[in-house]
Amino acid sequence: FNSIPEGYPEPGKTTVYDDSQVIDTAHVELNGGFLVKILELSIDPYMRGRMRDPSVESYASAFQIGQPLNSHGIGVVIRSENPEVKKGDHLHGLFEHQNYVVRKNLEGLQVVQNPNNLPWSTFIGALGMPGMTAYTGWKEFSHSKRGETAFVTAGAGPVGSMVIQLAKLDGLRVIASAGSEDKVKFLKEIGVDVAFNYKTCNTAEILAKEGPIDIYWDNVGGESLEAALDAANVDGRFIECGFISAYNDPNGVPVRNLANVFAKSLSLNGFIVTRLQDKYFDEFYKTIPPLVASGKIKHKEEVWEGLDKVGEFILAVQKGKNTAKAVIHVGDE
Ligand code: NDP
């Protein structure tokens, strides 16, 4: 991480690729710890929020200038002096954007069980933090009832697409938006009843025709949130998961029609997955992996090769240019 951006992050300035440190994996000192080879790293929207002045408090720690970025990843243990960890174990957690990482203990890491032999990248997407986000937020706040109507934005991404499929499993009618025709096609493949491209269609008009909506899963804020507030049913539930339309705008995006919250007795719940995941962790890993393995829950990934692509991929996600869950493939087993 090289400098704090004002608007969109700039690859080569905000982040620089530096391959100057070389280690000898066979002999590097482990001091009782273990050596992990990084296989896959996740690129997520919230990484933009971590590119800030570290004195500003937020739910996720700020990146430190001069230090490697970090994000959710999957690695395989290639040497271990720690009896709790053995060679060949696959670990999930926040990893520095490096090819190899030495860790003392399992703090902040989980050993991943993969009985269905899914690709390891699945564990940073549908079965990782984004899938968990969808699951926890939906279970905690949707209070869904069969036959109700839900609206989901950024529907083709890992969070949105999981929310849509959970809503369909609950018997809801789902309206969802995304930013390209290919993404709209994917929305239809996962069962969305009314799928549209918010860049070529007017969200407010679609919701006026297809609503009212009982549940709004908000990944974006801005105009979509305003349209959802106007189209909400009395006693509607708004699940505030993300505000990506404002992440790169230093002035934020004002919401004009919040008065709907009292006029329609809406409940508005914001949440951060890390504060909810303990409650749902076991339930999630019991129910969702088999559905993903059998194809009942579908998911899509866009994989870029190599750590040198991280900066560009971060920017692509912020601009909505990613076509699916953004994964950096770092190394093979
Ligand atoms: P995605 O992989 O779907 O990537 C983000 C997508 O947001 C882009 O592909 C783009 O899709 C859309 N987007 C970008 N800019 C805009 C814009 N200006 N207006 C509308 N849409 C835009 O992301 P995730 O599924 O990983 O995350 C979705 C949301 O969930 C994000 O807001 C993220 O911050 C939030 N989140 C929240 C968590 C929590 O704990 N609360 C945890 C994890 C994620 P499109 O082409 O459709 O525009």
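Residues 24 or more positions apart account for 67% of the contacts in the chain with a separation of 6 or more, two residues being in contact if their C-beta atoms, placed from the backbone, lie within 7 Å. The model is predicted: local features need pLDDT of at least 70, side-chain atom pairs count only at pLDDT 80 or more, and totals for chains, interfaces and linings use all residues. Residues are numbered from 1 along each chain as its sequence is written.

The chain contains eight helices and 13 strands, which are DSSP runs numbered from the N terminus (helices: H or I, at least four residues; strands: E, at least two). Its radius of gyration, taken over C-alpha atoms, is 20 Å, close to the 20 Å that the globule rule (2.2 Å times the number of residues to the power 0.38) gives for 333 residues, so the chain is as compact as a globular protein of that length.

An open sheet of six strands shows parallel pairing in the order S8-S7-S6-S9-S10-S11; two strands pair if DSSP finds at least two bridges between them. Strands S8 (194–197) and S11 (267–270) stand at the edges with a single partner strand each, so one side of each is left without a neighbour in the sheet. Strand S6 (residues 149–152) runs parallel to strand S7 (residues 173–178), joined to it by four bridges, and Ala 150 stands opposite Val 174 in S7. Helix H2 (residues 158–169) packs on the sheet, touching S6, S7 and strand S9 (213–218), and its direction makes about 170 degrees with that of S7; axes are lines fitted to C-alpha atoms, for helices over the stretch in contact, and angles run from 0 to 180 degrees between N-to-C directions.
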